[in-house]
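Hello,

Here is the structure I promised to pass on. Please have a look at it first, then read my notes below.

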Amino acid sequence: MSTPLLSQGTPPVVRKKISDPLPVRILLIGLTLLFFIGFVFLPLGLVFAQAFQKGWDFYLEAIREPYTIEAVKLTLTTVAIVVPLNAFFGVTAAWAITKFSFPGKAALKTLLDLPFAVSPVIAGLIFVLLLGSRTPFGSWLGEQGIKIIFSTPGIIIATLFVTFPFVARELIPLMEAQGRDEEEAALTLGAKGWQIFGKITLPNIRWGLLYGMILCSARAIGEFGAVSVVSGHIRGQTNTIPLHVEILYSEYNFTASFAVASLLVFLALTTVIVKAVMENRFQKNSSQH
Amino acid sequence: MGIELQNITKKFTDYTALDNISLNIASGELIALLGPSGCGKTTLLRIIAGLESADSGKIILEGKDTTNLPPREKNVGFVFQHYALFRRLNVYENVAFGLKVLPRSKRPSKSEIKDRVEHLLKLVQMEWALKRYPSQLSGGQRQRVALARALAVNPRVLLLDEPFSALDAKVRQELRRWLRKLHDEIHVTSIFVTHDQEEALELADRIVVINKGKIEQQGTPQEVYDHPANAFVYNFLGNVNVFHGRVHEGMVTLGGHSVDAPDELKNSAEKTSQTFVRPHEIGISKIRSEGNDLEGTIREIRLLGGQIGLNIECEGFDQPIDAEIPRELYLNLQLKKGDRVFVTFNKVKVFACDYEI
């Protein structure tokens with residue numbers, strides 16, 4: 001069969017960008033740069049300067065100190081538990097909000113932002129009030145030998161709460177933009193719910209999901225306020241990295257404090273770099289419809 | 001019988017999308033659901049596919065009552081308006097999807113799936129694009145892959161939602177003819193939804209005209225075009241001049257002009273009427289031939305492909321008359337803007353307005 005059908009689409013039109021006058025651009029770029037130097041580069045540089053003030057050996061010693069190692073372990077454990085759980089909750093929430101219509105949907109969407117709006121200290125207090133040993137539920141748990149507040153589960157729960165919105169907020173706009181067409185197509189082709197999710201929905205959202213998980217990790221590593229309230233600051237047991245930094249600092253052990261802080265900076269930089277790489281891929285992927 | 005729809009009704013909170021629709025479609029027929037946007041035609045298609053549920057009524061596909069079956073058990077092929085190809089899967093995987101999700105007991109072997117997918121892609125002339133992703137295909141190509149994907153599961157019926165609306169004019173026409181040819185080869189009972197009368201007239205075995213959730217008329221393209229059942233259908237199927245007038249003693253007034261009333265209105269009491277004349281059913285000449293000819297002035301001349309469109313202002317008519325004449329006639333008459341011409345209505349259709357204005 002000869003085929004006249006293969007007409008190709010027209011190539012995309014390249015538009016010339018309209019730009020602001022040069023002085024305006026210089027001013028804006030200059031201001032941004034100045035702000036960055038003053039508020040980001042300088043303080044970050046100082047962290048490292050302080051950390052290495054007493055030399056490389058002292059730095060290593062501060063980091064190898066058992067309490068520091070315990071704090072790193074606790075922080076990483078928290079991240080390892082919180083991020084997968086919030087990825088799951090986030091996908092569930094985003095799925096429910098974008099693929100179904102039900103009463104109270106708008107309210108649910110708004111409430112998702114609550115953990116961002118509430119001060120982390122209050123977030124911590126909520127769980128102390130809910131699960132502390134003086135509350136009925138908390139004392140019942142205590143009788144069962146389960147300790148939540150002032151121990152690792154409390155830290156995990158508080159971090160879960162604080163970092164809950166990241167994944168869902170990343171996915172909702174994405175899933176809304178993608179619509180339900182592909183899922184409906186899969187449905188008419190005979191796919192079951194889990195097949196549709198695994199073969200269609202998940203591959204479509206995977207970059208957004210990973211991106212949300214990275215943001216979630218960054219926040220889980222750095223969370224101070226909520227964790228501070230529920231942790232009890234027991235060295236070697238319930239101290240995360242940010243809490244450990246604070247303790248060292250309040251003991252006037254500045255160099256050690258900054259050495260540990262530099263670990264946090266290092267973790268933060270890593271997530272930012274991974275995020276940038278992902279963002280690049282994410283945009284490339286979502287632009288090819 | 002391919003598809004039987006019995007008394008389908010669907011109400012949304014603020015309006016009725018489908019009002020007691022009943023329709024029979026024979027096996028192997030290609031049907032167009034034609035209507036303006038918002039008339040309920042897409043809702044009807046989605047209800048047949050099970051993507052939406054009707055408030056009441058029955059859907060029988062190939063003798064099997066599928067009203068309450070979930071969409072994945074209905075076994076219908078659905079081609080979406082924007083194709084809804086799986087963007088993360090390549091063309092092969094898209095087409096194979098419906099076979100690969102079958103339960104193990106019904107799933108064909110790998111090599112059978114491969115044969116079937118390749119056969120289908122050959123059928124839609126896309127066998128060269130196995131490894132391509134949807135984003136690398138043009139609109140028309142995506143459309144054909146979507147069609148192959150829908151056919152892969154051997155659907156009882158094929159449903160197409162505005163299949164050509166997202167394509168540019170030339171591709172649309174090519175694809176239209178190609179789809180007609182394909183249908184003649186595979187004979188699967190098909191319904192397509194469209195708001196484009198030309199598409200419906202060219203492609204369908206039968207046209208069902210829908211307006212405001214109700215069927216206005218159904219019939220072959222010829223029947224529907226030549227004998228529109230009512231003013232809506234006449235208006236919707238192609239360009240038309242509408243003249244408001246009155247039926248009076250066997251005559252219909254059109255502006256300052258009058259024509260014989262149709263038989264069914266010959267003896268009726270005086271009432272208002274709408275008279276329809278298609279632009280290409282109007283004759284134009286420079287000399288008065290019969291006493292009944294109408295005189296007017298050409299206000300505008302437009303080139304419409306092979307035809308020439310004239311906009312003629314006639315005395316006694318509140319709006320100008322659109323006429324279409326062959327290019328040759330136009331050249332022979334040497335018409336110019338401002339010329340006086342005589343207008344003849346070759347075919348006139350009068351509908352009485354049942355309500356008084």
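**Chain B on its own**

Of the 357 residues in chain B, 52% count as buried. Keep in mind that this is a predicted model. Chain B holds 11 helices and 20 strands. Its C-alpha trace spans about 80 × 45 × 35 Å along the principal axes. The accessible surface of chain B is about 16,600 Å². Carbon and sulfur atoms account for 47% of that surface. Take the contacts in chain B with a separation of 6 or more: 67% of them come from residues 24 or more positions apart.

**Where the chains meet**

On the chain A side, 30 residues are in contact with 32 residues of chain B. The area buried between the two chains is about 3,100 Å². Carbon and sulfur atoms give 56% of it. Four residue pairs are in polar contact between chain A and chain B, counting pairs with both residues at pLDDT 80 or more. In chain A, helices α10 (181–188) and α11 (193–222) each supply at least two residues of the side that touches chain B. By class, that side of chain A has 12 nonpolar, 12 polar and six charged residues.

**Salt bridges**

Glu182(A) lies in helix α10 of chain A, and Arg87(B) in the loop between β6 (76–79) and α3 (91–100) of chain B. Are these two residues buried or exposed? Both Glu182(A) and Arg87(B) are buried.

Within chain B, Arg176(B) and Glu202(B) form a salt bridge, at 3.0 Å from N to O. This pair links distant parts of the chain, 26 residues apart. Arg176(B) is in helix α6 (residues 169–186), and Glu202(B) is in helix α7 (residues 197–203). Arg176(B) counts as buried because its relative accessible area is 3%, under the 20% cut-off. Glu202(B), at 33%, is partly exposed. Salt bridges with shared partners join Arg176(B), Arg177(B), Glu198(B) and Glu202(B) into one network.

Arg72(B) and Glu73(B) also meet through their side chains in a salt bridge, at 3.8 Å from N to O. Arg72(B) is partly exposed, at 33% relative accessibility. Glu73(B) is partly exposed too, with a relative accessible area of 40%.

Best wishes

Notes: Residues numbered from 1 in each chain as written. Chains lettered and ligands numbered in written order. Predicted model: local features only at pLDDT ≥ 70, side-chain atom pairs only at ≥ 80, totals over all residues. Heavy atoms only, no water. Contact = heavy atoms within 4.5 Å. Buried area = accessible area lost by both parts, 1.4 Å probe. Polar contact = N/O pair within 3.5 Å; in protein donor to acceptor, adjacent residues only side chain to side chain. Helix = DSSP H or I, 4+ residues; strand = E, 2+ residues; numbered from the N terminus. Nonpolar A, V, L, I, M, F, W, Y, C, P; charged D, E, K, R; others polar. Buried < 20%, exposed > 50% of the residue type's maximum accessible area, 1.4 Å probe, protein only. Areas by Shrake-Rupley, 256 points an atom, 1.4 Å probe, with all protein chains shown as cover. Salt bridge = Lys/Arg side-chain N within 4 Å of Asp/Glu carboxyl O.
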